[in-house]
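Notes follow in the order I looked things up.

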Amino acid sequence: MSEEKKEEKKEEKSVVSRRAFIGGTIAGLVVGAAAAYGATTMMPAGPKPPVGAPKEAIRGKFISLTVNGKATSLWVDARWSLANTLRNSQGLRGTVKGCDYGECGSCTVIVDGRAMPSCMVLAIDADGRTIQTIEGVSEGGKLSALQETMIKHRAFQCGFCGPGFIMSAKALLDKKSRPTEDEIREALSGNVCRCTGYHRIVESLLIVTGQKQPLERISSGAIA
Ligand code: FES
Ligand code: FES
């Protein structure tokens, strides 16, 4: 082979190996980026982190909650609201979602004694808290006096807003056994009802606290 031919061959070889190197590097970067993206943002929904996922890449953590008197430990994604966590991870569907941005109060739960819209609380921030939901209001399988009164007094119509109102009312009554009408209205001011005029809801609290007599036709079972 002539010297000229030998030189040509050498150059060809070096171009091929350069292409192979660049191609391999790009492929490596794409795979690496995809793996990193998958580890940090493509988290499967569910109460536990994906098996084998690197711990430092998981955007969430295990938290401890006491829900309706029961201590529990669960993994939560950092983006999950308390409302979604209670509903989807804990199966507590009594906490209903209306607006999902803190306006309607239908998702109200009691956190460490305070009524809060659970759609506005990140589950990760509720770590270590004591939470009460509508499922924890009944006593030994029996409706509480507050629930009974609200039902008997026809406080609700469709009932969608009911769990939220009951939780706000309970938080108030847990602190004050005979709140004034103004205090009741103030405590329920974060809850919206599309069906009623709020009147029966407020009256129910006055009745259950012994500040008002139930209407005769309602307590006798006649339709109001
Ligand atoms: S769903 Fe939470 S305030 Fe409306
Ligand atoms: S009873 Fe229907 S939203 Fe309140």
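Which residue just after helix 2 takes a positive phi? I found Gly91, with a phi of about 70°. Helices here are DSSP runs of H or I with at least four residues, strands are E runs of at least two, and both are numbered from the N terminus.

Ground rules before going on. This is a predicted model, where local features need pLDDT of at least 70, side-chain atom pairs count only at pLDDT 80 or more, and totals for chains, interfaces and linings use all residues. Residues are numbered from 1 along each chain as its sequence is written, while chains are lettered from A and ligands numbered from 1 in the order in which they are written.

**Overview.** I get seven helices and five strands for the protein chain. From the N terminus on, the order reads α-β-β-α-β-β-β-α-α-α-α-α. I checked burial next: 27% of the 224 residues are buried (20 or more other C-beta atoms within 10 Å of a residue's own; exposed is 12 or fewer, partly exposed in between, with C-beta atoms placed from the backbone).

**Helix 2.** I went back to this helix and found it mostly covered, with six of eight residues buried. The buried ones are Leu82, Ala83, Asn84, Thr85, Leu86 and Ser89. Strand 2 (70-77) and strand 3 are included in what covers them, going by contacts (C-beta atoms, placed from the backbone, within 7 Å).

**Core.** Of its 35 residues, Ile166, Met167 and Ala169 touch the most other members. Elements that each supply at least two residues include strand 1 (60-67), helix 2 (82-89) and helix 4 (162-175). Helix 4 gives the most, five residues. Domain 2 (61-136) and domain 3 (138-224) both contribute, so the core lies between them; those bounds come from an automatic or database domain assignment. Leaving out residues up to four places away in sequence, I see Met167 touching Thr108, Val109, Ile110, Ala115 and Ile134.

**Helix 3 on helix 6.** I looked at how this pair packs: an angle of about 130°, axes 9 Å apart (lines fitted to C-alpha atoms over the stretch in contact, angles from 0 to 180 degrees between N-to-C directions). On the contact itself, I noted Ala145, Leu146, Thr149 and Met150 from helix 3 and Ser204, Ile207 and Val208 from helix 6.

Terms used
A nonpolar core is a set of buried Ala, Val, Leu, Ile, Met, Phe, Trp, Tyr and Cys residues joined through C-beta atoms within 7 Å. Two residues are in contact if their C-beta atoms, placed from the backbone, lie within 7 Å.
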